[in-house]
Amino acid sequence: MVFIHQFAEEVSPGGAEAMIADGCLEGVDAIYGAHVWSENDVGEILFQSGYTMAAADTFHINVQGKGGHGALPHLTIDPVVAASQLVVNLQQIPSRRVDPLKAIVLTVGSFHSGKAANVIPDSAIIEGTVRTFDETVRKDAEKMITSTAQAIEMQTGASVEVTYHFGHPAVYNHPKESDSLKQLTEEHLPSFHVKEMKPFMGAEDFSYYLKERPGTFFFVGGRNEDLNANFPHHHPKFDVDEEALGTIGKVFLLALKNQGVLD
């Protein structure tokens with residue numbers, strides 16, 4: 001039995017790859033992980049078989065134009081207009097270029113350019129994230145973002161440079177371990193509310209462990225309005241009922257039973 005206390009589970013490159021390289025999975029037959037989830041009440045335990053969390057990739061796009069006076073746009077190459085067109089065109093990738101039965105999210109979260117109202121700047125920078133489950137869609141997304149940028153380059157005369165980073169792969173919970181642990185939890189923890197969790201587009205580098213060993217990543221509710229622990233993750237007032245940690249411990253013991261370590 002091995003307990004893994006890992007750093008940086010969300011920010012790429014994360015800690016899982018380094019932990020694996022350091023030998024944390026040596027002698028390990030199966031792996032189980034847990035996440036406290038403020039969207040659900042304390043006492044709820046959530047399982048999902050198959051894809052549960054998405055692969056998380058990022059892109060940085062620099063649009064280099066030719067700055068000038070805002071009253072003389074014909075003497076410039078406006079990077080704000082070029083980058084704006086690019087943002088709009090990128091949204092056609094998930095809506096028009098990917099099979100609608102294969103999930104993808106493409107979000108531009110950052111757009112920076114210029115400092116003055118009457119000046120056309122030299123450059124604009126946009127950054128965003130791509131979330132997918134299907135590995136083919138994931139790889140195609142990079143190609144489609146690059147080709148969309150090249151089209152804007154031809155259309156506007158601006159120079160467009162794309163830097164694409166592949167982050168954590170999707171979390172795939174192995175059906176055998178997921179289903180059997182869910183069944184054991186229902187059987188041995190009847191006072192808890194065991195639920196089926198829907199896949200969602202958050203990311204978690206536990207996916208690297210599940211690529212190396214069979215296992216599952218489950219969630220336990222941490223919301224308790226009596227403690228004012230009812231804010232979403234990453235909210236400034238985020239908090240959870242620490243009773244959720246005890247819930248995780250109980251399920252981990254059942255995971256050991258699931259592997260035949262405990263009777």
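This is a predicted model: local features need pLDDT of at least 70, side-chain atom pairs count only at pLDDT 80 or more; totals for chains, interfaces and linings use all residues.
**Ground rules.** I number residues from 1 along each chain as its sequence is written, and I keep to heavy atoms for side-chain values, with hydrogens and water left out.

**Overall form.** I looked up the secondary structure and found seven helices and twelve strands in the chain, these being DSSP runs numbered from the N terminus (helices H or I, at least four residues; strands E, at least two). The C-alpha atoms fill a box of roughly 80 × 40 × 35 Å along the principal axes. Of the 263 residues, 42% count as buried, with buried meaning under 20% relative accessible area, exposed over 50%, and partly exposed in between (1.4 Å probe, protein chains only).

**Core.** I then turned to the largest nonpolar core, which has 24 residues, and among those with the most contacts inside it are Phe59, Ile61, Leu90 and Ile145; such a core is a set of buried Ala, Val, Leu, Ile, Met, Phe, Trp, Tyr and Cys residues joined through side-chain atoms within 4.5 Å. Strand 4 (55-64), helix 2 (79-90) and helix 4 (135-156) are among the elements that each supply at least two residues, and helix 4 gives the most, with six. Leaving aside neighbours within four places in sequence, I listed Phe59, Ile61, Leu106, Val108, Ile126, Ile145 and Thr148 as the contacts of leucine 90 (contact means heavy atoms within 4.5 Å).

**Glycine 167.** I located glycine 167 in the loop between strand 9 and strand 10 (171-173), and it counts as buried because its relative accessibility is 6%. Not counting residues up to four places away in sequence, glycine 167 touches Ser12, Ala56, Asp57, Arg138 and Tyr208. Proline 13 is 154 residues away from glycine 167 in sequence, yet their C-alpha atoms are 6.5 Å apart.

**Positive phi.** I checked the loop between strand 12 (215-223) and helix 7 (243-258), where asparagine 228 lies and histidine 234 is also found. Neither is a glycine, but asparagine 228 has a positive phi of about 65° and histidine 234 one of about 70°. Asparagine 228 counts as partly exposed at 45% relative accessibility, whereas histidine 234, at 69%, counts as exposed.
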